[in-house]
Amino acid sequence: MSRPLIISDCDEVILHMVSPFKDWLEETQGVNFKLEGGNFTEALRWQKNGELLEPSDIWKMLGGFFDTEMDRQMPIAGAIESLNTLSEHADVVILTNLVDARRDMRAEQLAAHGLHAEVFTNQGPKGPALQRIVEDFAPSRALFIDDLAQHHASVKETVPHVGRLHFCGEPMIAGSIDCAQKSGHADARIDQWSDALPWLMDQLEGEAA
(Lines give C-alpha, C1' and ligand atoms only; values in the text may rest on other atoms or scores of the structure.)
Protein backbone atom coordinates (compact mmCIF):
# COMPACT_ATOMS: atom_id res chain seq x y z
CA MET A 1 0.00 0.00 0.00
CA SER A 2 1.32 3.45 -0.89
CA ARG A 3 2.18 5.96 1.81
CA PRO A 4 0.38 9.24 2.36
CA LEU A 5 2.00 12.32 0.82
CA ILE A 6 2.52 15.83 2.18
CA ILE A 7 3.36 18.56 -0.33
CA SER A 8 4.57 21.71 1.44
CA ASP A 9 5.52 25.17 0.28
CA CYS A 10 8.75 26.59 1.70
CA ASP A 11 8.73 30.39 2.11
CA GLU A 12 6.62 31.48 5.11
CA VAL A 13 5.74 27.83 5.81
CA ILE A 14 9.15 26.33 6.54
CA LEU A 15 11.49 29.33 6.27
CA HIS A 16 10.99 33.03 6.85
CA MET A 17 11.32 34.99 3.62
CA VAL A 18 9.65 38.42 3.84
CA SER A 19 11.48 39.41 7.02
CA PRO A 20 15.04 38.68 5.82
CA PHE A 21 14.18 40.09 2.38
CA LYS A 22 13.12 43.34 4.05
CA ASP A 23 16.31 43.48 6.12
CA TRP A 24 18.51 42.88 3.07
CA LEU A 25 16.73 45.51 0.97
CA GLU A 26 16.91 48.19 3.65
CA GLU A 27 20.47 47.42 4.74
CA THR A 28 22.14 46.99 1.35
CA GLN A 29 19.91 47.90 -1.60
CA GLY A 30 18.66 51.40 -0.77
CA VAL A 31 15.07 50.20 -0.73
CA ASN A 32 12.42 50.56 1.95
CA PHE A 33 10.02 47.65 2.25
CA LYS A 34 6.51 47.90 3.66
CA LEU A 35 4.28 45.01 2.70
CA GLU A 36 0.56 45.10 3.34
CA GLY A 37 -1.05 41.81 2.50
CA GLY A 38 0.71 40.19 -0.44
CA ASN A 39 0.94 43.21 -2.73
CA PHE A 40 4.63 43.39 -3.62
CA THR A 41 3.97 45.97 -6.35
CA GLU A 42 3.36 48.67 -3.73
CA ALA A 43 5.74 47.43 -1.04
CA LEU A 44 9.14 48.53 -2.34
CA ARG A 45 10.21 52.19 -2.54
CA TRP A 46 13.59 53.72 -3.23
CA GLN A 47 15.00 55.31 -0.10
CA LYS A 48 16.46 58.24 -2.06
CA ASN A 49 13.14 59.56 -3.39
CA GLY A 50 10.29 57.42 -2.06
CA GLU A 51 9.26 56.29 -5.53
CA LEU A 52 7.88 52.81 -6.11
CA LEU A 53 10.17 50.33 -7.81
CA GLU A 54 9.16 49.26 -11.28
CA PRO A 55 7.99 45.62 -11.55
CA SER A 56 11.17 44.70 -13.41
CA ASP A 57 13.24 46.09 -10.52
CA ILE A 58 11.17 44.14 -7.99
CA TRP A 59 11.83 40.90 -9.86
CA LYS A 60 15.50 41.82 -10.02
CA MET A 61 15.58 42.29 -6.24
CA LEU A 62 13.82 38.99 -5.63
CA GLY A 63 16.22 37.22 -7.94
CA GLY A 64 19.20 38.81 -6.25
CA PHE A 65 17.94 37.76 -2.85
CA PHE A 66 17.49 34.13 -3.83
CA ASP A 67 20.80 34.07 -5.72
CA THR A 68 22.95 35.37 -2.87
CA GLU A 69 21.02 35.74 0.40
CA MET A 70 19.20 32.46 1.07
CA ASP A 71 21.43 31.89 4.08
CA ARG A 72 19.53 34.76 5.77
CA GLN A 73 16.39 32.61 5.83
CA MET A 74 15.81 30.95 9.19
CA PRO A 75 13.27 28.23 9.98
CA ILE A 76 9.83 29.11 11.24
CA ALA A 77 9.40 27.86 14.79
CA GLY A 78 8.62 24.14 14.83
CA ALA A 79 8.65 23.69 11.05
CA ILE A 80 11.67 21.42 10.65
CA GLU A 81 10.80 19.28 13.65
CA SER A 82 7.16 18.94 12.60
CA LEU A 83 7.92 17.95 9.03
CA ASN A 84 10.51 15.43 10.17
CA THR A 85 7.89 13.96 12.51
CA LEU A 86 5.40 13.81 9.65
CA SER A 87 8.01 12.11 7.46
CA GLU A 88 7.80 9.10 9.78
CA HIS A 89 4.20 8.63 8.64
CA ALA A 90 4.17 10.06 5.10
CA ASP A 91 6.38 11.06 2.21
CA VAL A 92 7.19 14.78 2.45
CA VAL A 93 8.10 16.83 -0.62
CA ILE A 94 8.50 20.56 -1.23
CA LEU A 95 6.72 22.50 -3.99
CA THR A 96 8.24 25.97 -4.20
CA ASN A 97 7.70 28.79 -6.67
CA LEU A 98 11.31 29.34 -7.66
CA VAL A 99 12.83 29.06 -11.09
CA ASP A 100 14.07 25.57 -11.89
CA ALA A 101 17.72 26.62 -11.72
CA ARG A 102 17.32 27.22 -7.97
CA ARG A 103 15.88 23.79 -7.15
CA ASP A 104 19.18 22.33 -5.93
CA MET A 105 19.94 25.49 -3.93
CA ARG A 106 16.61 25.16 -2.15
CA ALA A 107 17.17 21.46 -1.41
CA GLU A 108 20.63 22.22 -0.01
CA GLN A 109 19.25 25.13 2.01
CA LEU A 110 16.61 22.93 3.65
CA ALA A 111 19.06 20.09 4.23
CA ALA A 112 21.38 22.51 6.04
CA HIS A 113 18.51 23.19 8.45
CA GLY A 114 17.87 19.47 8.95
CA LEU A 115 15.07 18.79 6.46
CA HIS A 116 15.96 16.32 3.72
CA ALA A 117 13.15 16.30 1.17
CA GLU A 118 12.72 16.20 -2.58
CA VAL A 119 12.13 19.67 -4.00
CA PHE A 120 9.92 20.52 -6.96
CA THR A 121 10.04 23.99 -8.50
CA ASN A 122 7.13 25.75 -10.16
CA GLN A 123 6.12 29.08 -11.64
CA GLY A 124 2.53 30.28 -11.46
CA PRO A 125 -0.50 28.49 -9.96
CA LYS A 126 0.45 25.29 -8.16
CA GLY A 127 -2.52 23.10 -9.02
CA PRO A 128 -1.13 21.58 -12.24
CA ALA A 129 2.31 20.95 -10.71
CA LEU A 130 0.75 19.35 -7.65
CA GLN A 131 -1.42 17.17 -9.86
CA ARG A 132 1.70 15.80 -11.58
CA ILE A 133 3.33 15.07 -8.22
CA VAL A 134 0.25 13.27 -6.91
CA GLU A 135 -0.02 11.20 -10.09
CA ASP A 136 3.65 10.24 -9.79
CA PHE A 137 3.51 9.24 -6.10
CA ALA A 138 -0.01 7.74 -6.21
CA PRO A 139 -0.36 8.23 -2.42
CA SER A 140 -3.06 6.75 -0.22
CA ARG A 141 -3.99 10.36 0.60
CA ALA A 142 -2.35 13.73 0.05
CA LEU A 143 -2.13 17.01 1.96
CA PHE A 144 -1.01 20.41 0.66
CA ILE A 145 0.41 23.25 2.79
CA ASP A 146 0.90 26.78 1.45
CA ASP A 147 0.77 30.38 2.66
CA LEU A 148 -1.00 31.91 -0.35
CA ALA A 149 -4.73 31.63 -0.91
CA GLN A 150 -4.47 31.59 -4.70
CA HIS A 151 -2.51 28.34 -4.63
CA HIS A 152 -5.18 26.67 -2.52
CA ALA A 153 -7.78 27.79 -5.04
CA SER A 154 -5.67 26.34 -7.86
CA VAL A 155 -5.22 23.03 -6.04
CA LYS A 156 -8.92 22.77 -5.18
CA GLU A 157 -9.81 23.35 -8.82
CA THR A 158 -7.25 20.88 -10.19
CA VAL A 159 -7.04 18.11 -7.56
CA PRO A 160 -9.97 18.66 -5.17
CA HIS A 161 -9.40 15.41 -3.29
CA VAL A 162 -6.11 16.74 -1.85
CA GLY A 163 -6.46 18.11 1.70
CA ARG A 164 -5.43 21.74 2.04
CA LEU A 165 -3.95 23.61 5.01
CA HIS A 166 -3.48 27.37 4.73
CA PHE A 167 -0.43 28.17 6.86
CA CYS A 168 1.48 31.46 7.12
CA GLY A 169 4.19 31.50 9.76
CA GLU A 170 5.34 35.09 9.13
CA PRO A 171 3.61 37.45 11.61
CA MET A 172 4.45 40.43 9.41
CA ILE A 173 1.88 39.31 6.82
CA ALA A 174 -0.22 36.55 8.42
CA GLY A 175 -2.93 38.92 9.58
CA SER A 176 -3.43 40.70 6.26
CA ILE A 177 -3.27 38.03 3.56
CA ASP A 178 -6.44 36.54 2.12
CA CYS A 179 -7.61 33.48 4.05
CA ALA A 180 -8.18 30.41 1.89
CA GLN A 181 -10.34 28.77 4.54
CA LYS A 182 -12.74 31.72 4.60
CA SER A 183 -13.00 31.61 0.81
CA GLY A 184 -13.71 27.89 0.90
CA HIS A 185 -10.49 26.86 -0.80
CA ALA A 186 -8.69 25.37 2.23
CA ASP A 187 -9.86 22.89 4.85
CA ALA A 188 -8.18 24.79 7.70
CA ARG A 189 -6.13 27.90 8.48
CA ILE A 190 -3.41 27.43 11.10
CA ASP A 191 -0.32 29.62 11.50
CA GLN A 192 1.56 27.83 14.29
CA TRP A 193 3.30 24.50 13.84
CA SER A 194 2.41 23.50 17.39
CA ASP A 195 -1.23 23.48 16.24
CA ALA A 196 -0.65 22.43 12.64
CA LEU A 197 1.18 19.19 13.48
CA PRO A 198 -1.75 17.64 15.41
CA TRP A 199 -4.18 18.69 12.67
CA LEU A 200 -2.01 17.16 9.96
CA MET A 201 -1.53 13.96 11.95
CA ASP A 202 -5.30 13.67 12.34
CA GLN A 203 -5.69 14.07 8.58
CA LEU A 204 -3.12 11.37 7.92
CA GLU A 205 -4.84 9.00 10.31
CA GLY A 206 -8.30 9.77 9.02
CA GLU A 207 -9.55 11.15 12.29
CA ALA A 208 -10.57 14.55 10.92
CA ALA A 209 -12.92 15.41 8.11
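The model is a predicted one, in which local features need pLDDT of at least 70 and side-chain atom pairs count only at pLDDT 80 or more, while totals for chains, interfaces and linings use all residues. Residues are numbered from 1 along each chain as its sequence is written, and side-chain values use heavy atoms, with hydrogens and water left out.

The axes of H5 (residues 127-137) and H6 (residues 149-158) come within 8 Å and cross at roughly 50°, and the crossing of H5 past H6 is right-handed. On the H5 side the contact (heavy atoms within 4.5 Å) is made by Gly 127, Pro 128, Leu 130 and Gln 131, and on the H6 side by Ser 154, Val 155 and Thr 158. Sorted by class, this contact of H5 with H6 has 3 nonpolar and 4 polar residues, and no charged ones.

With a disulfide taken as a pair of cysteine sulfur atoms within 2.5 Å, the count comes to 0. Cys 10 is in no disulfide, the nearest cysteine sulfur being that of Cys 168, 13 Å away. For Cys 168, the closest cysteine sulfur belongs to Cys 179 and lies 11 Å away, which is too far for a bond. Cys 10 counts as buried (under 20% relative accessible area, with exposed over 50% and partly exposed in between, for a 1.4 Å probe and protein chains only) because its relative accessibility is 0%, and Cys 168, at 1% relative accessibility, counts as buried too.

Note on methods. Axes are lines fitted to C-alpha atoms, for helices over the stretch in contact, and angles run from 0 to 180 degrees between N-to-C directions. Helices (H or I, at least four residues) and strands (E, at least two) are DSSP runs, numbered from the N terminus. A crossing is left-handed if the near helix is turned anticlockwise from the far one by less than a right angle, and right-handed if clockwise. Ala, Val, Leu, Ile, Met, Phe, Trp, Tyr, Cys and Pro count as nonpolar, Asp, Glu, Lys and Arg as charged, and the others, Gly among them, as polar.
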